[in-house]
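Here is a friendly walk through a handful of residues, with the cut-offs spelled out along the way. Have a look at the sequence and the structure first.

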Amino acid sequence: MAAESAQSFAVAGAEGGGEAARAPRPDRVARVPWGAVALFAVVACGLAWLVALPLWRMDPDAPDYGLWFGLIAAAMMFTPAIATAVALVAARAPRRERLRFLGMWPLRPARRVVWFTAAALFAPLVVVLAAAGVSALFGWVRLDLVHFSGFQATLDAQLATLDGDMADIARATMPPVGLLVALQLVMVPFGALVNSVLAFGEEIGWRGWLLPALLPLGTWPAILVSGAVWGLWHSPLILLGYNFGLTDWRGVALMTAGCIAWGALLGWSRLRSGSVWPAVVGHGALNASAGVIVVLAAADSPLDPALAMPLGVSGWIVIAIAVAVLAVCGQFRGDRQPQLAPRRVRAREAVAEPASASEMPAATPGQPGA
């Protein structure tokens, strides 16, 4: 595996034009470290199954099953982070360059990182709302944007579990349902920030490590393969009926397709900003806004998750349009992907190090990291 060590973890130089712009980029691996990539996939997926194993042994009708499902699913989200740590060691990435390769630090150019991260707070909600519109257009769901009868039915069901006096007090003090729906939408960005803590455990693997490691294949192959691995990683939960209510290969196939679609947007934000943080926040925003269609649906409306949910067909359609627009505008071109910010060289290091990145010797396969 050492023979497949990453070759280009050296300090990156500033972006330039001419021949320098066409030279191999020093901030990326020169070839895919297949051994480390395979190890990452095995560790991430293996740990996911190990963490989810208690759910497979539990009775789904048990009163505390839902609580345990949430806790175990949250713990499972950190398995890609563990796999990333293992893969970096296997790839023998220099310690001083690991955070930069993962897009974690430094946050330069700061303006680009900040703007992409801020956009990631709201963009998934826009996609989810557009997907709800597509679902309504094709008759996959009937929306009630006036009385919000579906959400009202959910509230009534919750009130029915209270004692008589408590239920009467709750009904008397409850704001209008339209205001409650508005608050649900307003709270999505705040929920995105909270969810980003858990989303980091995944994104440091999918867009932090795996996507850049696969880039020697080309931008699109790297995005598609990393998205497919992301989708398959969900199998332990999907086969229990999570997201689509299916417990066979169909649920896994739907999740994989959904992750490839969303992975294109999250991957674009990673490559276009040079930072993993927009993808982290975007993933958190997706998790926070995924259930919005349930709030907007009519009470008696059918709701097939495979069609109407944002990871289903309606989401694929909206994302396909968005990605097509971005592609036409050249947003996926390699020259629109900024180099990772170079490590700042301290004054006492300047004596021992070459004056520029172009003077640095290239790492050779199998060379130990710093």
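Helices here are DSSP runs of H or I with at least four residues, strands are runs of E with at least two, and both are numbered from the N terminus.

## About the model

This is a predicted model, in which local features need pLDDT of at least 70, side-chain atom pairs count only at pLDDT 80 or more, and totals for chains, interfaces and linings use all residues. Residues are numbered from 1 along each chain as its sequence is written, and side-chain values use heavy atoms, with hydrogens and water left out.

## Loop residues with a positive phi

Let's begin with Asn243, found in the loop that links helix 12 (235–238) and helix 13 (249–273). Asn243 is not a glycine, yet its phi is positive, at about 75 degrees. With a relative accessible area of 30%, Asn243 is partly exposed; that term covers the range between buried (under 20% relative accessible area) and exposed (over 50%), using a 1.4 Å probe and protein chains only.

Arg92 sits in the loop between helix 4 (79–90) and helix 5. Although Arg92 is not a glycine, it has a positive phi of about 55 degrees. Its relative accessible area is 28%, so Arg92 counts as partly exposed.

## A cis peptide bond

Now for Pro106, which lies in the loop between helix 5 (98–101) and helix 6 (110–137). The peptide bond leading from Trp105 to Pro106 is cis, and its omega is near 0 degrees.

## Arg207 in helix 10

Is Arg207 buried or exposed? Arg207 counts as buried because its relative accessibility is 0%. This arginine belongs to helix 10, which covers residues 188–214.

The Arg207 side chain makes a polar contact with the side chain of Glu203, at 2.7 Å. A polar contact is a pair of N or O atoms within 3.5 Å; within protein, one must be able to donate a hydrogen and the other to accept it, and residues adjacent in sequence count only if both atoms are side-chain atoms. Setting aside neighbours within four places in sequence, Arg207 is in contact (heavy atoms within 4.5 Å) with residues including Trp230, Leu266, Arg270 and Val276.

## Val51 in helix 2

Val51 is part of helix 2 (residues 34–57), and at 26% relative accessible area it is partly exposed. Not counting residues up to four places away in sequence, Val51 touches Ile72, Ala75, Met76 and Thr79. The C-alpha atoms of Val51 and Ala73 are separated by 8.3 Å, and these two residues are 22 residues apart along the chain.
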